[in-house]
Amino acid sequence: MSLQLTVNGFDYSVNKKDEYLGSRKVMKEEIKQLIVDLTKALISVKPLVNALEQSVRVSTVLKGKFTSDLSSFNSSTNCLQMKDLLNKITARIDMRPLEFCPEIVHNMTTFEHVVSNRLATTLDWSKLQASMKLLSNLDKTKMDKIIDEIVDEIVDETVDNSLKSYFQHSEVTSFDNASLKAYAGGVTNGKVVVIVPPCGMPFELCEQWLRYLSQEHYVITWESRGLFGKTDNFDALNYDVASQAKDLFAIMNHFKIDCAHVMGLCGGAAIALTAASLEPERVSSLSLWHGDFELGNNSQKTRYQKDLQALMSMAGNNRTQAASLQKLFTQPSILENIPANLAHLVLYPYTTGELLFRYGKLNGNIMTAEIIPILDKVSQPTLVVTSKNDTTAHPEGSLYVADKLSNATLHTELHGSHISLFDAESNITKLATKFICDQAL
């Protein structure tokens, strides 16, 4: 007796006595990559999902400007299989469970849209549905066994290849007992590069830079104090830029790094400059990328900078006000100005009122701290990079900083948005590595 199976348009005939082994083989051929894609997508949204206070519904049938129109899981069996698969993977990667919804979900929040879209753009739900039908031909015991074996093999392998597995993760205590999540990886005997990321962003936002630079360098970075992991003593911590710069040295001390090239991205550029002025012997050279600089009366700011600075001021004023402002970010209309491929990362500090309050304190201090008084204290070789059409951080800020620093080289891209910096395209990665290597000679 044979079992006839059709998966993704291909017919398979499996002897009944070899039903389990044959089905498992077909499963591996047809579904392995799909589960890899699903696992990668889930890993990418994990920081956002775990930070949220409410459960997240994931829909496979979405309507609207920022969503995809996908086939419905019209079979209750398929739906149960998918829920089971999602639950197994989320449990395996230490992620909060998701509510799988094989139909249009009304009144979805911004964050539910972001998660659903992230999965939809990374994974072909319809192909996964078709492949899962294969399991419907088996009894539940065999079906569960196959799912468990596939998840055991594929999810662990995918996690092992993820950014957090590639980079050593450490919990570091800073000078005022702030707990920091730090990461290090790459060539252990290579030139050390410290990446100062934008405030409040998961370190995965810099993934392309981390993976590229770690091919030749030893790269370390961290996530902003008070915004990641459990920080019960936030009100006892310092928020100013100098304190955030001291976190850089706490990270270097932990990894036993005496001196390094410091690379500041966006608001991280102000922290990098501050660190170079505080302990110049520990910063061999600098690169400042699309910096968000407060220059007092010399400041030219984009509308985005003005609006964000006002938001940070209001959110950091008190927790009640932050909680009210956070509700604005639950409305899907907020997605209009956020790149879909980065929304799951850049929205992280807006997931709760408490996180927004802390973000307002930390990023607000970065955006309002005048750096003019420290520019004459920074004599290290410095690469300053901006682009003519950056509408996020005004390019004139970078031009001013490059002009006032005693040992700076200015590079202005003709094109390239502020957000495109995180794509780490070849023209700017080559620029970065050439500058870093030239200073090491």
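1. The second largest pocket of this predicted model has a volume of about 1,000 Å³. Of the 34 residues in its lining, Tyr304, Leu308, Ile338, Tyr350 and Thr392 are the closest to the centre of the pocket. By class, the lining comprises 21 nonpolar, nine polar and four charged residues.

2. Two helices, H10 (303-315) and H13 (353-368), each supply at least two residues of the lining of this second largest pocket. H10 provides the largest share, six residues.

3. Phenylalanine 329 belongs to the loop between helix H11 (319-326) and helix H12 (343-346). Phenylalanine 329 counts as buried because its relative accessibility is 10%, below the 20% cut-off for that class. Apart from its neighbours within four places in sequence, phenylalanine 329 is in contact with Thr110, Phe111, Leu311, Ile334, Leu347 and Tyr350. Tyr350 is also among the residues closest to the centre of the second largest pocket. The C-alpha atoms of phenylalanine 329 and threonine 351 are 7.8 Å apart in space, although the two residues are separated by 22 residues in sequence.

4. A search of the whole structure finds four cavities of 30 Å³ or more. The second largest cavity holds about 80 Å³ of space. Its lining consists of Val196, Pro197, Cys199, Trp222, Glu223, Ser224, Arg225, Gln244, Asp247 and Ile271. By class, five of these residues are nonpolar, two are polar and three are charged.

5. Two charged residues from the lining of that cavity, aspartate 247 and arginine 225, meet through their side chains in a salt bridge, at 2.7 Å from N to O. The pair links distant parts of the chain, with aspartate 247 in helix H8 and arginine 225 in the loop between E8 and H8, 22 residues apart. Both partners are buried: aspartate 247 has a relative accessible area of 1%, and arginine 225 has one of 2%.

6. Glutamate 223, another residue of the cavity lining, is found in the loop between strand E8 (218-222) and helix H8 (241-254). Is there a salt-bridge partner for this residue, or none? Glutamate 223 is buried yet forms no salt bridge. The nearest side chain of opposite charge, that of lysine 164, is 5.1 Å away, whereas a salt bridge requires the nitrogen and oxygen to be within 4 Å. Not counting residues up to four places away in sequence, glutamate 223 touches Leu180, Lys181, Tyr183, Met201, Pro202, Phe203, Glu204 and Phe228.

7. Lysine 164 does form a salt bridge with glutamate 204, with the closest N and O atoms 3.8 Å apart. Lysine 164 lies in helix H6 (residues 163-166) and glutamate 204 in the loop between strand E7 (192-196) and helix H7 (207-213), so the pair ties together parts that are 40 residues apart in sequence. Lysine 164 counts as partly exposed at 41% relative accessibility, whereas glutamate 204 counts as buried at 16%.

8. The structure holds 17 salt bridges. One of them joins arginine 57 to glutamate 112, the closest N and O atoms being 2.8 Å apart. Because arginine 57 lies in strand E3 (residues 57-59) and glutamate 112 in helix H3 (residues 110-122), this pair ties together parts that are 55 residues apart in sequence. Arginine 57 is partly exposed, with a relative accessible area of 22%, while glutamate 112 counts as buried at 4% relative accessibility.

9. Salt bridges also link Asp235, Arg319, Glu354 and Arg358 in a network.

Key: Residues numbered from 1 in each chain as written. Predicted model: local features only at pLDDT ≥ 70, side-chain atom pairs only at ≥ 80, totals over all residues. Heavy atoms only, no water. 1 Å grid on protein atoms, 1.4 Å probe; cavity = no way out; pocket = protein on both sides within 12 Å on 5 of 7 lines; lining within 4 Å. Points joined across faces, edges and corners; volume = space filled by probe spheres on them. Nonpolar A, V, L, I, M, F, W, Y, C, P; charged D, E, K, R; others polar. Helix = DSSP H or I, 4+ residues; strand = E, 2+ residues; numbered from the N terminus. Buried < 20%, exposed > 50% of the residue type's maximum accessible area, 1.4 Å probe, protein only. Lys, Arg positive; Asp, Glu negative; His and termini not counted. Contact = heavy atoms within 4.5 Å.
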